Amino acid sequence: MESFHGKQATDLPADFSHRDNNWLWWKHGVIYHIYPRSFHDSNNDGIGDLRGIIGKIDYLSDLGIDAIWLSPVYPSPMIDFGYDISDYREIDPVFGNLNDFRELLEIAHKKNIRIIMDLVMNHTSNIHQWFKESRSSVDNPKRDWYIWKKGRNGNPPNNWKTVFGGCAWEFDESTQQYYLHTFFKEQPDLNWSNEDLKKTFFNEIRYWLDMGVDGFRLDVLNLIGKGKHFTNNPLPLGIPLLQKHKYTSNLPESHHIASDLRHLLNTYPERMCVAEVYSLPPGDSSIAASYLQSGDNGVNMAFDFSLMLRSWNARKYFKAIRKWYDLIPENGWPCHVLSNHDLHRHLDRFRFRRNKEKKARVAAMLLLTLKGTPFLYYGDEIGMRNAKLRKHEILDPLGKLFWPFFKGRDKGRSPMQWTDDHHAGFSESKPWLPVNTDYPEVNVRSQKNDESSFFHLYRRLIHLRKKHEALNRGDWSPLINGRNGLLVYLRVFGLEKIIVLLNFSPKRRTVDLTDISKGRVLLSTHRPVDEAFIPDTIVAEPFEATIVDLSKAA
Ligand code: NOJ
């Protein structure tokens with residue numbers, strides 16, 4: 001019988017209790033990513049908060065998700081909007097307090113929704129107490145918790161650049177040494193080769209696990225280990241500020257940290273971690289997969305960003321998916337993602353001016369019918385778009401730095417659109433980032449009343465995935481691999497067999513499925529539910545996406 005933090009499955013609501021021992025929430029469920037500043041503001045200060053999420057828990061439960069991943073809610077000076085943490089054991093007052101967090105955990109768990117926190121291990125904020133002590137003198141006991149080096153002939157220790165561009169070393173006048181920062185200078189890198197630091201940090205992690213947190217999303221896992229040699233990176237890639245991170249990413253030390261962390265998580269029941277392992281476009285899934293290679297020694301899942309970085313093309317999608325599956329080791333598990341707080345919303349990313357909404361529907365059908373855990377980004381379930389922001393509205397330091405060449409990451413972080421009321425029902429005060437102007441049409445309230453909306457499509461898909469084991473854990477076998485814009489695959493578990501047909505193209509396509517048995521439509525963008533599916537007569541409409549149960553004869 002499945003246990004949930006000590007409870008027996010029989011104590012849980014009915015739809016949870018039928019699952020057997022192999023039903024692992026993070027493998028077979030759907031994970032919903034919340035950018036807390038933008039989800040819902042309960043105290044009307046214009047910034048989303050934990051009580052705002054609590055207030056929307058019924059919405060999330062009705063949508064059918066199994067877990068929430070929260071972007072960081074720890075205290076932070078917010079230079080990088082929370083990815084610069086100044087205390088790993090508290091909640092930033094802008095989001096609430098520890099009691100609010102405990103309440104969120106409890107209420108979410110009662111609804112069978114798990115909570116995954118963001119864990120930033122590569123760096124802290126420069127106002128974290130550890131860093132204050134570390135920078136105070138060269139012989140402070142915490143000096144070695146960060147990466148300090150002497151300069152070379154008045155220059156930085158080596159040529160390393162930050163991921164965001166510019167020198168990765170900051171000179172500290174008081175101790176006349178440089179510290180390393182892979183991101184902004186306010187985000188000094190931790191030294192994971194220091195055993196004291198590691199022990200202390202792992203205790204910070206235990207603190208949340210003991211509280212009942214269900215898992216972690218590991219920020220930039222592949223950048224954490226620095227090696228011993230501090231070798232110069234290869235010369236810049238034609239862009240003077242950037243460089244190839246040959247000696248600053250994917251070093252064996254990052255794998256060791258991942259495995260130690262996994263061992264720690266394994267001492268708690270049903271916990272998980274998912275690693276952010278970013279590689280430059282077009283994306284290299286083998287790097288993400290390398291963190292799964294060691295099975296129980298690696299992370300549970302790693303993000304492969306290659307779908308996010310592909311243009312809208314069935315063949316390219318097929319190849320990326322096939323490659324990702326081929327790389328997953330036997331005891332590893334894939335996950336899939338289309339949007340996040342760094343890379344904007346997929347609806348506007350498909351690089352085609354026309355038919356974006358139709359493509360986004362096909363994309364939703366794909367994401368929620370693939371083998372592997374789907375991660376949804378808040379608002380994608382109502383078809384939210386990137387907000388168009390003016391220069392003075394940009395808050396992301398990257399946008400300020402690189403305007404107008406790169407306008408930053410804010411456009412994919414605009415407030416959730418709940419209603420057509422003022423500020424889209426997100427807050428009664430002016431939101432920290434402008435609400436997208438399409439909120440009078442694109443909002444939760446209006447979509448709930450419209451059976452043909454994105455909301456209902458996502459909701460049905462999530463519930464279908466829950467109900468059909470073939471969808472949440474079955475094997476994936478492709479039948480048509482992207483030719484002529486068609487991607488068709490089977491999902492099979494035991495006697496259950498489901499076929500998914502996706503037409504990426506704006507043209508009608510005749511589909512040759514002569515070897516496939518008849519079935520009934522489970523969900524479709526074009527066909528009524530329960531309609532007979534007779535494989536030898538199928539013509540896929542432009543941008544049609546259809547899921548058919550082949551175990552149910554027509
Ligand atoms: C990756 C996070 O997703 C991004 O938002 C952040 O700026 C960097 N890591 C640094 O923590």
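# Reading a predicted fold

User: What does Ser286 count as at 31% relative accessibility?

Analyst: Ser286 counts as partly exposed at that 31%. Residues are numbered from 1 along each chain as its sequence is written, and side-chain values use heavy atoms, with hydrogens and water left out.

User: Where is Ser286 placed, and which side chain does Ser286 join in a polar contact?

Analyst: Ser286 belongs to helix α9, residues 285-290. Helices (H or I, at least four residues) and strands (E, at least two) are DSSP runs, numbered from the N terminus. The side chain of Ser286 makes a polar contact of 2.6 Å with that of Asp284. A polar contact is a pair of N or O atoms within 3.5 Å; within protein, one must be able to donate a hydrogen and the other to accept it, and residues adjacent in sequence count only if both atoms are side-chain atoms. Now look along the chain. Gly372 is 86 residues apart from Ser286, and their C-alpha atoms are separated by 16 Å.

User: How many residues of α14 are buried?

Analyst: Ten of the 14 are buried, so α14 is largely enclosed by the rest of the structure. Among the buried ones are Phe454, Phe455, Leu457 and Tyr458. His456 sits in α14 and is buried, with a relative accessible area of 11%. A polar side-chain atom of His456 lies 2.9 Å from the backbone oxygen of Lys448.

User: How do I read a sheet, and in what order do β6, β7 and β8 lie?

Analyst: Strands of a sheet pair through backbone hydrogen bonds, either parallel or antiparallel. Here two strands pair if DSSP finds at least two bridges between them. The order is β6-β8-β7, in an open sheet of three strands with antiparallel pairing. The edges are β6 (148-149) and β7 (169-172), each pairing on one side only. Two bridges join β6 to β8, residues 177-180. In one of these strand pairings, Trp148 has Tyr179 of β8 as its bridge partner.

User: Which way do the residues of β21 point?

Analyst: In a regular strand the side chains alternate between the two faces of the sheet. In β21, Ala545, Ile547 and Asp549 point one way, while Thr546 and Val548 point the other way. Five of the five residues of β21 (545-549) are buried. Strand β16 (496-503) pairs with β21 in the antiparallel sense over five bridges. There, Leu501 is the bridge partner of Thr546. Strand β18 (519-524) also pairs antiparallel with β21, over four bridges. Val521 stands opposite Val548.

User: Which residues have a positive phi although not glycine?

Analyst: Take Asn153, with a phi of about 50°. Asn153 is in the loop between β6 and β7 and counts as exposed at 77% relative accessibility. Then take His344, with a phi of about 70°. His344 lies in the loop between β12 (335-337) and α11 (356-367) and counts as buried at 12%.

User: Which peptide bond is cis, with omega near 0°?

Analyst: The bond from Trp403 to Pro404. Pro404 is placed in the loop between α12 (397-402) and α13 (444-448).

User: How many residues surround the ligand?

Analyst: There are 13, and the closest are Asp80, Asp219, His341, Asp342 and Arg409. A residue is near a molecule if one of its heavy atoms lies within 4 Å of it. The shell has four nonpolar, two polar and seven charged residues.

User: What distances separate the ligand oxygen atoms from Asp219, His341 and Arg409?

Analyst: A side-chain N or O atom of Asp219 is 2.8 Å from a ligand oxygen. For His341 the distance is 2.8 Å. For a polar side-chain atom of Arg409 it is 2.9 Å. Taken alone, the ligand exposes 300 Å², and the protein buries 97% of that. Accessible areas come from the Shrake-Rupley method with a 1.4 Å probe; for residues, only the protein chains shown count as cover.

Methods
This is a predicted model: local features need pLDDT of at least 70, side-chain atom pairs count only at pLDDT 80 or more; totals for chains, interfaces and linings use all residues. Ala, Val, Leu, Ile, Met, Phe, Trp, Tyr, Cys and Pro count as nonpolar, Asp, Glu, Lys and Arg as charged, and the others, Gly among them, as polar. Buried means under 20% relative accessible area, exposed over 50%, partly exposed in between (1.4 Å probe, protein chains only).
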